[in-house]
Every structure is written in structure tokens, then in C-alpha cells.
Amino acid sequence: MPRVEAFRGVAFFLVVLSACSDRAVQPAAPEAPAAQPQLVLQSNGLHCTETDARLSSGALYQVCVDPAQWNGDIVVFIPGYHDPARAPRLPDVFGESPAVSLFSRLGYAFATTSFRGTGLIEPATWIGGDLLELVGTARTLLTSTTGRATRFVYQVGGSQGGLGTVMAVERYPGTFSGGLAGCGPIGDYRRQIAYVADFRVVFDYFFKDAIPGWPAWAQDLSAGDLGLIDPATWPAAEQVAAAAIDYLGNADRVRQVFGVTRAPTDPADPRTIKGTALGILWYSFRGTNDAIGKLRGSPFGNLDRVYAGSSNDPALNAGVERFAVTADPVRIASLQTSARLLRPLVTIHTTGDPIVPSSQQSIYRNRLGFFSRLLHTKITIERYGHCSFTDAEILGSFAVLVLQVSGLDLVAS
């Protein structure tokens with residue numbers, strides 16, 4: 001069963017479907033879009049903006065509502081990490097999933113955006129720009145369609161969207177009534193960077209003699225030479241890496257990689273060994289260029305790191321590649337949450353998350369001051385997988401948030 005930590009031991013049940021904190025900086029008024037579209041009746045009965053509607057930055061956005069049932073509240077969803085080589089696209093949250101169907105029946109309006117870019121989040125422009133403009137636009141559209149004003153704005157998102165959700169709730173309490181953040185690197189972003197990069201350098205060390213031509217690309221991160229890093233090599237590298245992991249003769253190498261990195265797997269499902277390894281390596285291949293470019297240098301450094309857990313730790317530490325941090329410290333700091341809350345925040349994480357370690361949620365809670373902690377509810381799910389929540393767990397977590405923000409019992413509803 002999920003473990004829920006909340007102040008004063010208040011117990012909340014999941015629905016059955018799938019010193020005071022420092023005052024946050026208030027946002028400047030967002031720039032309005034050049035043209036204001038209308039909400040148009042769709043085949044699913046909802047009134048939505050057209051799928052090509054754009055914010056002033058060019059970011060795609062969509063707003064949907066059933067005017068006859070609107071309860072005055074908006075659920076704003078932001079996407080997780082998208083491949084930086086691909087163009088921004090709208091999240092597919094308006095499909096026929098049980099979660100979306102229930103939200104609609106309960107009367108919530110929905111709003112989402114693609115953001116203006118992909119890859120590593122840029123808080124100043126994505127959260128402080130696109131997201132705030134989305135909320136302002138949604139409020140205007142809903143008022144013009146229904147004749148009523150918005151009551152509460154609930155910010156939700158998972159993975160990198162979970163990080164953006166926490167940033168939004170922390171920084172703009174005048175805009176967001178509360179947030180639900182799933183499986184995000186919210187505790188310490190530097191540790192998240194180190195987790196992915198450490199796995200990569202340890203994997204490189206153990207498999208450079210097992211895979212011909214490995215590493216498949218040059219990792220000259222200390223120099224920040226983008227020309228030496230080619231994420232386009234990933235499809236071919238993925239095939240040879242998967243074959244090497246499956247090869248029984250490499251079982252000891254695999255065991256040592258996971259012994260050193262402590263990356264989680266599901267003991268009941270051996271396939272998760274390859275799933276975890278390839279999942280983490282994907283972020284290394286696809287995201288390194290983007291991160292170096294946005295942070296003005298490499299955010300990873302392991303010059304003083306001592307690796308342990310292999311059959312020969314001295315050899316590992318002598319042979320593993322070493323890198324120095326060259327990124328702009330101000331830009332790295334911009335990815336860190338403040339751990340200061342003025343609005344309720346619910347976070348949810350699985351214990352066996354192979355991409356964003358579950359410790360991120362605990363680190364965040366431990367950073368919270370006394371009064372901020374009163375506003376935080378931490379939900380932990382005993383399961384392997386990244387953002388692998390059921391509809392019941394997502395909706396139950398949202399019910400906790402709604403109860404804290406408005407006092408409404410969604411379980412009874």
C-alpha cells in the first residue's frame with residue numbers, strides 16, 4: 001500500500017480509478033497572445049482551442065472545458081522531458097483515459113502547453129513566461145465562454161514536468177493555488193545530473209572492452225566541445241548496448257555496473273536490468289549536448305568522486321573517465337527548487353524509479369522549513385518504474401491536493 005506522510009497524521013484515501021516561508025517573487029504581467037482564439041465544440045463534447053493555437057513565444061497550447069459542468073477550477077498540465085532533437089508538441093492529455101474522463105465529469109477545465117523548446121527546462125522563460133501566459137490566457141478564454149471567473153488553478157506535471165510544477169508553486173503563489181508533482185528531480189538537481197552521468201562513465205569503463213568501438217561517442221565534457229558529442233549515434237549504440245547487456249558472458253560486468261551505481265531494478269523482472277541501463281543511457285546520449293549548450297558548459301564533475309561496489313574498486317577509480325564542471329554556476333542554480341512553500345504541494349514517487357531516484361522526494365522534504373513542511377504531502381508508491389502510477393494513485397493524490405486547497409472531498413464526489 002502507498003505510504004502517505006502528512007503533518008498531524010491526517011489520512012487520505014485513494015479514489016478507485018487508476019519560521020514562515022520567505023515570500024516568493026511575484027511575476028510580471030505576462031504578454032498576451034497576438035490573437036485570442038475561441039473555444040470550439042469538439043467531437044468528445046468538450047469545448048477546446050484549436051490544436052495549432054500558440055502563445056506569444058510560439059509555444060503550442062490548448063484549453064478545454066465542458067461549459068455546462070465547469071466548477072470554476074483549472075488543472076494545468078505541463079510535459080516532462082522531450083528529446084531535444086525533436087520539435088515541441090502538445091502533451092496527449094485530452095484522450096479517452098479514465099483519469100481525464102473523471103476530471104471532466106467533475107467539472108475541471110484543462111490547460112496545457114508544449115513550451116517553446118524541448119530538452120532541459122529553462123525556468124525563466126518556460127515557467128516564468130509560457131506557463132504564466134498559458135494560465136492568463138486560459139482564465140480569459142474560460143470567462144469569455146462561461147461568463148464566470150476562475151476560482152482555483154491546480155498545477156500538475158511528472159518527471160521534468162514535476163520539477164516545473166514545484167518551481168511554479170514555489171515562485172508564483174499568487175497564480176497557482178497548489179501543485180501535484182510526480183517523479184521529478186525536485187530535491188537536488190546536481191545529484192540528478194551526477195546520477196545520470198555517473199552511470200554513463202561507469203558503464204563506459206566496464207563495457208569499453210566488451211563492445212567494439214565503445215564508447216560510441218566522445219565525452220569531452222570538460223572542454224565543452226559540442227562537436228565531439230553526437231546524440232544521433234544513439235540508435236546504433238542502443239542496439240549494441242542492449243546486445244552486450246543480454247550476453248551471458250557479460251553478466252559480471254552488468255552486476256558490477258549496478259553494484260557501483262545502485263540504479264534500481266525489479267528483482268522479480270530481469271528485463272528491468274536492460275530497461276534501467278538503456279533508459280539512463282538514453283538521457284546521456286540525447287541530452288548532453290542540450291545541457292552543455294543551455295548551461296554554458298558541462299554541469300558534471302567527478303574529479304574527486306570515489307566509486308565503490310565493484311570487484312576491483314582501485315582499478316575502477318584509476319580507469320574511469322574524469323571530468324570537471326565548466327557550466328555557469330548561476331544557470332545550474334536556476335534548476336534548483338527553493339524548498340519554500342506558500343501553497344499546498346503534493347509529491348508522489350515510486351521507490352524503484354530508475355530515471356529519477358526516489359531520494360529526490362525525501363531530499364526535498366528534508367530541505368523544507370517547519371511551516372513549508374505543513375504544506376507538503378509526500379506520497380511514496382512501492383513499485384519499480386519511472387512515473388509508473390495507476391489512475392487511482394494519480395487521482396487519489398489529486399484528491400489530497402484538492403482537499404488541502406479547497407476543502408472539497410473528491411472521494412465523496
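This note sets out points on helix packing, nonpolar cores and selected loop residues.

1. The structure is a predicted model, in which local features need pLDDT of at least 70, side-chain atom pairs count only at pLDDT 80 or more, and totals for chains, interfaces and linings use all residues. Residues are numbered from 1 along each chain as its sequence is written, and side-chain values use heavy atoms, with hydrogens and water left out.

2. Two packed helices are described by the angle between their axes and the distance between the axes. Helix H4 (residues 189-207) packs against helix H7 (residues 271-295) at about 105°, and their axes are 9 Å apart. H4 is therefore roughly perpendicular to H7, a term that covers angles of 65 to 115 degrees. Helices here are DSSP runs of H or I with at least four residues, and strands are runs of E with at least two.

3. On the H4 side, the residues that meet H7 are Tyr195, Val196, Phe199, Arg200 and Phe203; their partners in H7 are Ala277, Ile280, Leu281, Tyr283, Ser284 and Phe285. Contact means heavy atoms within 4.5 Å. By class, this contact has 9 nonpolar, 1 polar and 1 charged residues. Ala, Val, Leu, Ile, Met, Phe, Trp, Tyr, Cys and Pro count as nonpolar, Asp, Glu, Lys and Arg as charged, and the others, Gly among them, as polar.

4. The largest nonpolar core has 73 residues, and Leu131, Phe199 and Phe203 have the most contacts inside it. H4 gives the most to this core, with 12 residues. A second, separate core of 21 residues includes Cys183, Ala399, Val405 and Leu410. A nonpolar core is a set of buried Ala, Val, Leu, Ile, Met, Phe, Trp, Tyr and Cys residues joined through side-chain atoms within 4.5 Å. Buried means under 20% relative accessible area, exposed over 50%, and partly exposed in between (1.4 Å probe, protein chains only).

5. Leucine 39 lies in the loop between strand S1 (3-5) and strand S2 (40-41). Its relative accessibility is 11%, so leucine 39 counts as buried. Setting aside residues up to four places away in sequence, leucine 39 touches several residues, including Cys48, Val63 and Leu141.

6. Most residues other than glycine have a negative phi. Arginine 262, in the loop between helix H6 (251-261) and H7, has a positive phi near 60°. Alanine 339, in the loop between helix H9 (329-333) and strand S9 (345-352), has a positive phi of about 60°. Arginine 262 is exposed at 59% relative accessible area, whereas alanine 339 is buried at 4%.

Technical notes: Axes fitted to C-alpha atoms, helices over the stretch in contact; angles between N-to-C directions. Parallel < 35°, antiparallel > 145°, perpendicular 65-115°, else oblique.
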